[in-house]
Amino acid sequence: MTNALLIENATIVTMDADRRVLERGHVLVEDGRIAGIGEGSFAGEWQAERIEAAGMVAMPGLIDTHAHAGHMLTKGLGSAAEDWMDVTGRIYATATDPEFWAAEAALSAAERIKCGTTTAALLFGGGPDIMRSEAPEAAEAHLASIAAMGVREVLAVGPNRSGQNHVYRQYTPTSHNDIVVSPDRQIDVATELVDAWAGRDDRLQVVFSLPVFDEQELRGETVYRIACKVRDRARERRSLLVQDGHRDGSIAANDARLGLFDERSLLAHCIDLTEADRAVLKRTGAKVAHNPSALMSVYGRCPAPELMEDGIVVSLGTDAAAPDRSFDMFRNMFQAHRYHARHFSDDTVLPPLRLLEMATIDGARALMMEDELGSLETGKRADIVLVNMRQPHLWPPHDPVQRLARYANGADVDTTIVGGRVLMRGRRLVGQDEDAVLDRALRAFRLAMARAGLSDRKALGQSRIYNDCRPSYP
């Protein structure tokens, strides 16, 4: 037996088809996969690293199906969403280089590891829809950093929302130059990245993103052509197609104009849906990433419980890590419950087990990974977190599923394992210097602030400082 790991004496929340909970059990890992799982002590002969997990719950690693790369280094840069989006767009377009994206990626991965999130799907950019897909270097730097940190990730790349050209600033060691980038160029770069990373690392995927266009926008020939081009390239490669921001008829409009959706479509937010929207989701098998802590869930409501009643896969996303939210999936489970319980005035909506399903096995289904991830079963990849339950807010030791979904938070995660590799043990990163990650991120942040003309500002959280900092790109 090689590369073996044995977790013993844990309460195991399997999330398997029978949703078994083993009160005192073991998980044996070999070569990155679960080789055995059961009650009591492991009976066979073994030579493995042993983790004593008494007082802990072993559960599948959490799966965050919607977040953004870049946002870790734009937290706190505005007192309101509009301020934050303006400044973020300025920074992404004019003040970043590959090192910014690499340093931000390491910081993002560190937070996910410490919150028990083993897999996340991220858009490469955001804010006012500034995707850094004008060239491959930034995404390559991000992916290399994520690979070094050891987490699992799906990175979605594609064009900006409008059908217009955008101006990006590229830096050399001694100077910079501004380049005009077309949506076609962004699509070609995205395609290059998708092809380059196909099969390159079993923890990392690059997939396509496409902006959400409404019915009126889709009447324009340029927007229609761009959308068709991304759709066709995604389907040729059997890639996921990720979209951010569906609402109020946009799903039905994209289906009617583009025939856009199938089981490989992952649609974030999905607020204030029409009956036609819901019918398209049910017919096509498209998946929904529900983000209860996001601003979109303030502006409108995602009918997640109703969609699940229709048989639609609904997963959880954090929309992290800014302007006002973290990568803590436990927080999002709790918030999802309160969000819908308040709407229905019914505390039984989204019970604890349902919330755990959304954050684990349904997240895997949303990413087309349910055969590999999302539950603790023999043969699946060993993405496992251990949650320290011997704490006042998680005591007494009764009903672990309820305690995880209602009371736990990311800081309760003791151990994070991805593909059999221990990334954190006893709340300390393994094989990574956390201080070095923080220091590197701070250097990248300060340099970006200087390039954006914000380094000497006081009280960055005050909106008044942004009056003269509106983006200058088209």
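Which strand gives the most to the lining of the second largest pocket? I will come to that after a word on the model.

This is a predicted model, in which local features need pLDDT of at least 70, side-chain atom pairs count only at pLDDT 80 or more, and totals for chains, interfaces and linings use all residues. Residues are numbered from 1 along each chain as its sequence is written, and side-chain values use heavy atoms, with hydrogens and water left out.

Back to the question. Strand 12 gives the most to that lining, with four residues. A pocket here is an open set of points on a 1 Å grid over the protein atoms alone, with protein on both sides within 12 Å along at least five of seven lines, and a lining residue has an atom within 4 Å of a point. Strands are DSSP runs of E with at least two residues, helices are runs of H or I with at least four, and both are numbered from the N terminus. The second largest pocket holds about 430 Å³ of space, where a volume is the space filled by probe spheres set on the grid points, which are joined across faces, edges and corners. It is lined by 26 residues, and Leu204, Gln205, Val206, Val207 and Arg238 lie nearest its centre. By class, 11 of the lining residues are nonpolar, three polar and 12 charged. Nonpolar covers Ala, Val, Leu, Ile, Met, Phe, Trp, Tyr, Cys and Pro; charged covers Asp, Glu, Lys and Arg; the others, Gly among them, are polar.

Next, the cavities. A cavity is a set of grid points where a 1.4 Å probe fits but cannot get out. There are two of 30 Å³ or more. The largest cavity has a volume of about 50 Å³, and its lining has three nonpolar, five polar and two charged residues. The second largest cavity has about 40 Å³ of space. His66, Ala67, Ala121, Leu122, Leu123, Val154, Ala156 and Val242 line it. Strand 6, strand 7 and strand 9 each give two or more residues to that lining, with the largest share, three residues, coming from strand 7. Seven of the lining residues are nonpolar, one is polar and none is charged.

Now helix 1, residues 81-94. How many of its 14 residues are buried? The count is 10, so the helix is largely enclosed by the rest of the structure. Buried means under 20% relative accessible area, exposed over 50%, and partly exposed in between, with a 1.4 Å probe and protein chains only. Among the buried residues are Trp84, Ile91 and Tyr92. The buried residues pack against several elements, including helix 2 and helix 15.

At 2% relative accessibility, Thr96 counts as buried. The side chains of Thr96 and Trp101 are joined by a polar contact of 3.1 Å. Such a contact is a pair of N or O atoms within 3.5 Å; within protein, one must be able to donate a hydrogen and the other to accept it, and residues adjacent in sequence count only if both atoms are side-chain atoms.

Last, the backbone. Cis peptide bonds join Ala320 to Ala321, with omega of about 10 degrees, and Trp395 to Pro396, also with omega of about 10 degrees. Asp399 has a positive phi of about 50 degrees although it is not a glycine. At 34% relative accessibility, Asp399 counts as partly exposed.

Technical notes:
Contact means heavy atoms within 4.5 Å.
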